[in-house]
Every structure is written in C-alpha cells, then in structure tokens.
Amino acid sequence: TKGNLIFKVKEPVTLLPGTVHDLGDVTLEPMPAGASGSVAGSKAEADARNKKNAEIEAKFKAGNDDIAAGKFDDAIAKFDAVAKEIPKCAPCSAKMGEAYLKKDDLTNAEKYFKEAIEFDEKTIDAYNALSTIYNTQQKYDEALKMSAKVKELRASSGVAEDPISVFNEGVVLW
C-alpha cells in the first residue's frame, strides 16, 4: 500500500529462499472509499503476512539444516509442514525428495521429485536427482530423458551446464 494505492497481483505469491517468481502483470489500484482496509489496516495485515512468511522460511531453513545434519526424518517433517502451508510447493517436494534420497528410500525420493516437477516443471534439481535414481535402478532410457531435460532447462535459462549433470549423463551412456 502506498498512499491510497494498493499493490495487487493476480495470484498469491509465496517467496522461499533460492526461488525466482515472475509476478506477471502488476497493477496499482486506488483503494475503494470507505474500505475496511485502511492504510493502517493494510499495514497490520501486511505485518501479519510477513510474520507468517518469516515462520515458513524459518521452518524451510530448519529443514535444510536437518538435511545437512543427517536428520532426514526431522527434515521431511519440516518440509511437509511447510507444504501444508503452501499449496503446490515445488521446493518443499524437491527437498523431501532429497531427504528420502539421502535415506536411500528411492521409491519415496522418486515420488517427491516427480511431484516437484508436477508443481514446477523447471525444477532442474529434481530432474538431476531423477537421473541419478534411474541410473541406480538401471533404467537408462529414463535417466537419459532426465539428463536431456536438465540440459534443455539450463540452455533455455542461459545457465552454464552443470559438471555433475554432464558426468551423470556420461555414466548413463557408459
């Protein structure tokens, strides 16, 4: 809110560390006269949302810390809690997949990496992980498809090719 103008986006936006969001068209509209959301009320609402977002980001960070500490079940619980707050949270699903992968639970890891891709088809890390899983399971055609998708996404985003994905592709081809 700025003066009597309200910032609006078409859909709610949830920001998580390491994610990029395209807000699309953004409009500023005058607040309706006599609206219950005065500038002060809007600030209070914004403060409440900011507090909620800070709590969610803290849970997400704690989940990452748990993965780093080898507390995979704790991490999964934290990412699951965040996913309940944020519908279709691709980073949450990808992180749960990562935790399951580190637990050597390939079935659940695959499930969550696929879910991350379903929520956001540009989740490069999920494709990379699926390539590794499929290679481990000797599903070489599937592994190559995932590696090709990683290359495609990196090329389209202008990001340099990742040495790990190139290595993984070489292992699959070998």
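**View 1. Thr-123, a buried loop residue.** At 12% relative accessibility, Thr-123 counts as buried (under 20% relative accessible area; exposed is over 50%, partly exposed in between, with a 1.4 Å probe and protein chains only). Thr-123 sits in the loop between helix 4 (106–119) and helix 5 (124–136). Helices here are DSSP runs (H or I, at least four residues), numbered from the N terminus. Setting aside neighbours within four places in sequence, Thr-123 is in contact with Ala-90, Ala-94, Ala-116 and Ile-117 (contact means heavy atoms within 4.5 Å).

This is a predicted model: local features need pLDDT of at least 70, side-chain atom pairs count only at pLDDT 80 or more, and totals for chains, interfaces and linings use all residues. Residues are numbered from 1 along each chain as its sequence is written, and side-chain values use heavy atoms, with hydrogens and water left out.

**View 2. Helix 2 against helix 3.** Helix 2 (residues 72–85) and helix 3 (residues 90–102) pack at about 165 degrees, their axes 9 Å apart. That makes the two helices roughly antiparallel (angles over 145 degrees). Axes are lines fitted to C-alpha atoms over the stretch in contact, and angles run from 0 to 180 degrees between N-to-C directions. Helix 2 contributes Phe-72, Ile-76, Phe-79, Asp-80, Val-82 and Ala-83 to the contact, and helix 3 contributes Cys-92, Lys-95, Met-96, Ala-99, Tyr-100 and Lys-102. Nine of these residues are nonpolar, none polar and three charged (Ala, Val, Leu, Ile, Met, Phe, Trp, Tyr, Cys and Pro count as nonpolar, Asp, Glu, Lys and Arg as charged, the others, Gly among them, as polar).

**View 3. Lys-88, a loop residue with positive phi.** Lys-88 lies in the loop between helix 2 and helix 3. Its phi is near 55 degrees, a positive value in a residue other than glycine. At 64% relative accessibility, Lys-88 is exposed.

**View 4. Gln-138, another positive phi.** The loop between helix 5 and helix 6 (140–157) holds Gln-138. Gln-138 is not a glycine, yet its phi is about 60 degrees. Its relative accessibility of 57% counts as exposed.

View 5. Glu-110 and Lys-114 meet in a salt bridge, 3.3 Å from N to O (a side-chain nitrogen of Lys or Arg within 4 Å of a carboxyl oxygen of Asp or Glu). Both lie in helix 4, four residues apart, about one turn. Glu-110 is buried at 15%. Lys-114 is partly exposed at 44%.

View 6. Glu-152 and Lys-149 pair at 3.2 Å, N to O. Three residues, about one helical turn, separate them. Glu-152 is partly exposed at 46%, and Lys-149 is partly exposed at 23%.

Notes:
Parallel < 35°, antiparallel > 145°, perpendicular 65-115°, else oblique.
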